[in-house]
2 protein chains.
Amino acid sequence: MNGTVTLSGQEVDILLTIYDISKMAGVSIATVSRVLNESANVRPDTRRKVLEVMEQSGYTPNAFARGLGLNSMQTIGILCTDSSDLYLAKAVYYIEQDLRAGGYHSILCCTGYRLENKKSSLELLLRQKVDSVILVGSNFIEAEDADNQYIRDAAEQVPIMLLNAYFDHPNVFCSLCDDLGATQQAALSLIDSGIPDILYLYNSRSYSARKKLAGFQSACQLRGLPNADALQQFYSGSSADVEGICRFISSLHDGGLSFRAVIASDDVLATAAVKYARLRGQRIPSELSVIGYNNSILALCCEPELTSVDNRLEEISRQLVKTLIGTLNGIPMPAKTVFPGRLVQRGTTALPSPA
Amino acid sequence: MNGTVTLSGQEVDILLTIYDISKMAGVSIATVSRVLNESANVRPDTRRKVLEVMEQSGYTPNAFARGLGLNSMQTIGILCTDSSDLYLAKAVYYIEQDLRAGGYHSILCCTGYRLENKKSSLELLLRQKVDSVILVGSNFIEAEDADNQYIRDAAEQVPIMLLNAYFDHPNVFCSLCDDLGATQQAALSLIDSGIPDILYLYNSRSYSARKKLAGFQSACQLRGLPNADALQQFYSGSSADVEGICRFISSLHDGGLSFRAVIASDDVLATAAVKYARLRGQRIPSELSVIGYNNSILALCCEPELTSVDNRLEEISRQLVKTLIGTLNGIPMPAKTVFPGRLVQRGTTALPSPA
DNA sequence: ATTCAGGATGTAAGGGCTTTCATGGGGATG
DNA sequence: CATCCCCATGAAAGCCCTTACATCCTGAAT
């Protein structure tokens, strides 16, 4: 019993409740609720009448009360270490889009990289009664905290979705790119075209970063190359400091390291490698080949354009949401979906000789 | 009256309610609620006791019931045309961070660029009973729909916050960069260094895009240059298609347009201009100067590094949240805050001759 | 000692919805 | 025509909090 509302002339829609609607439609609140929830067992003409009243009066159900009753607000939590990261932002975008198309809301939470904050953010989301939490990016599977207890705990309450990371646990679902295979393929393509001295450059120790590194190592092993630690270099500075990365590569070279190709764990690192080559006067790709990762817009902005691994971000993101929605609807879903990566050849590598 | 919980041994925390806590602490639910809401008038030791029980039992208040009672869930809606856009993603990041620091949750909604979707997304958020909506990016202030009715409507319900756009209306608050002034300054710096034939390249008709264009035009006027429409070119293709932009610039040149500098409305366009110059064999900056906008990581990845306008994204984002939180707390806040832009000189422009 | 003000606490009435259970009305069946 | 069932509907009891109002108690003022 709230705002007075005239059906014909458009009056204010102040705080209409299910009671008002039931009165106007001449039915009980239970029936209105049934219409609202699209539950069966409402006669078509009754339904129509109720819908009509709701429409004309501009009624809009109170989300809190709804949540209270249903104990769910059709909301998914999205946890992301850093949504300003080009790669993660894109993932968040795809995910949010598909969630919304599926009738869910998304509440975003950027945690930063400290484990402590990840934990507390996750708890915060669960407190908000989200129906699931999506962990965007492989930074949530810690190497150090091997048991990932905070994820186990969360999985007790709601399904936990992992983008581009894998963790074998009940109620945890994963959608990821085969980063190991993709990096291996990238390395093999260089080795087999006659470039065995490859510098592998990375700047993260996340799950997928570890896989990429393993892929590089396995390629070396496959071809019987010495597993030279010196050729696997971790860059610990800011990942946006192109200058700094450039200097880092220079220092490696000046330290006596010799390499004729660079495989980088992301496109920024690769771009910096290209820049390094230009500064040193090395020609690309004849004197230095470069392969990036993520196939982002940076690959296109680079000069020459960057050969880069496409890690199927869109596919794995959309698949993850598909899996989630299925799970929430009680449909059994695979706990793990893997997409192969794809090496996109561009100007920083010589085209592979036709077989 | 729910899950049995032993205070000492750690039992399950299934569905504890305020009643359980009140019983355990030997107080009434009202008192527990007061502690929860940090309202005054609770004796310190009572408060301590309640907090202790809550702590030990792992109680966590039900967000829905809370929302129902308070008619607010401390949640802010973030509306964004495209969170995968480098620029917007960064803004979302800063905003989310500060909101969370201020005790608010953020629910994200990507609308795409169609007005219809923007409207419906905004309504959706209001239905969710958010305490305010932040419109990220100047794409929400339409040129065509000059009255911006959907924003007016929303402002009736909650404060509406505009990032990098301005709309003069009660309960609408704006934080923006002086894009007009910044672009004017960029253009003047080129003109005054002896380059009057500047191509202005843009790819959006958003509020800020219009301001930038106006800035360019006013610079031309100030220096008495003919306002050649041909030198203001709108690129309508995909904003990520670097190749396409390159071709577009080439076609302008081939069409007989002559220019010795390019000012672009974002860094992707500018990067493409640099690429164009390289393809044509033009030296940068001696034969072609280029100025980008946003001062993003693209500016650093470019070779040579891009001179670009820093539009103070972090500052305007944080200011917006500050204004919002003040407003929500009943503190009078300025409806409009403007930050000046800043031209960051790098390799694509000749250093200004020392005055 | 008596009164009073005011702070600390408790009681109970919502807040708007969902859902169980009971009821009534038809159609199908015998 | 009587019986049975099932479907559509309604009444009412939650869901878990907040908060206005009532109550009690304390120390200060007289």
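Of the atoms of DNA strand D within 4 Å of the protein, what percentage belong to sugar or phosphate? The share is 67%, and the rest belong to bases.

This is a predicted model: local features need pLDDT of at least 70, side-chain atom pairs count only at pLDDT 80 or more, and totals for chains, interfaces and linings use all residues. Residues are numbered from 1 along each chain as its sequence is written, chains are lettered from A and ligands numbered from 1 in the order in which they are written, and side-chain values use heavy atoms, with hydrogens and water left out.

View 1. The surface divides into 13 nonpolar, 10 polar and four charged residues. Here Ala, Val, Leu, Ile, Met, Phe, Trp, Tyr, Cys and Pro count as nonpolar, Asp, Glu, Lys and Arg as charged, and the others, Gly among them, as polar.

**View 2. Side chains at the phosphates of DNA strand D.** Polar side-chain atoms of A:Asn41 lie in view, one of them 2.8 Å from a phosphate oxygen. For A:Thr46, a side-chain N or O atom is 2.4 Å from a phosphate oxygen. B:Ser33 also places a polar side-chain atom 2.4 Å from a phosphate oxygen. Elements giving two or more residues to this surface are α2 (29-36) of chain A and α1 (18-25), α2 (29-36) and α4 (63-70) of chain B. Helices (H or I, at least four residues) and strands (E, at least two) are DSSP runs, numbered from the N terminus.

**View 3. Helix α4 (residues 63-70) of chain A.** Its buried residues are A:Ala63, A:Phe64 and A:Gly67 (buried: under 20% relative accessible area; exposed: over 50%; partly exposed: in between; 1.4 Å probe, protein chains only). They sit on the same side of α4(A), because their arc around the axis is only 100° (taken from the directions from the helix axis to the C-beta atoms). They pack against α4 and α6 (115-127) of chain B (contact: heavy atoms within 4.5 Å). A:Asn62 caps the N-terminal end, with a side-chain oxygen 2.7 Å from the backbone nitrogen of A:Phe64. Just after the helix, A:Asn71 takes a positive phi of about 55°.

**View 4. The aromatic pair A:Tyr202 and A:Phe234.** The pair is edge-to-face: 5.3 Å centre to centre, 65° between the planes. Rings of Phe, Tyr and Trp (its six-membered ring) pair if their centres lie within 6.5 Å; planes under 30 degrees apart are stacked, over 60 edge-to-face, the rest tilted. A:Tyr202 is buried, at 10% relative accessible area. A:Phe234 is partly exposed, at 25%.

Technical notes: Near = heavy atom within 4 Å. Polar contact = N/O pair within 3.5 Å; in protein donor to acceptor, adjacent residues only side chain to side chain.
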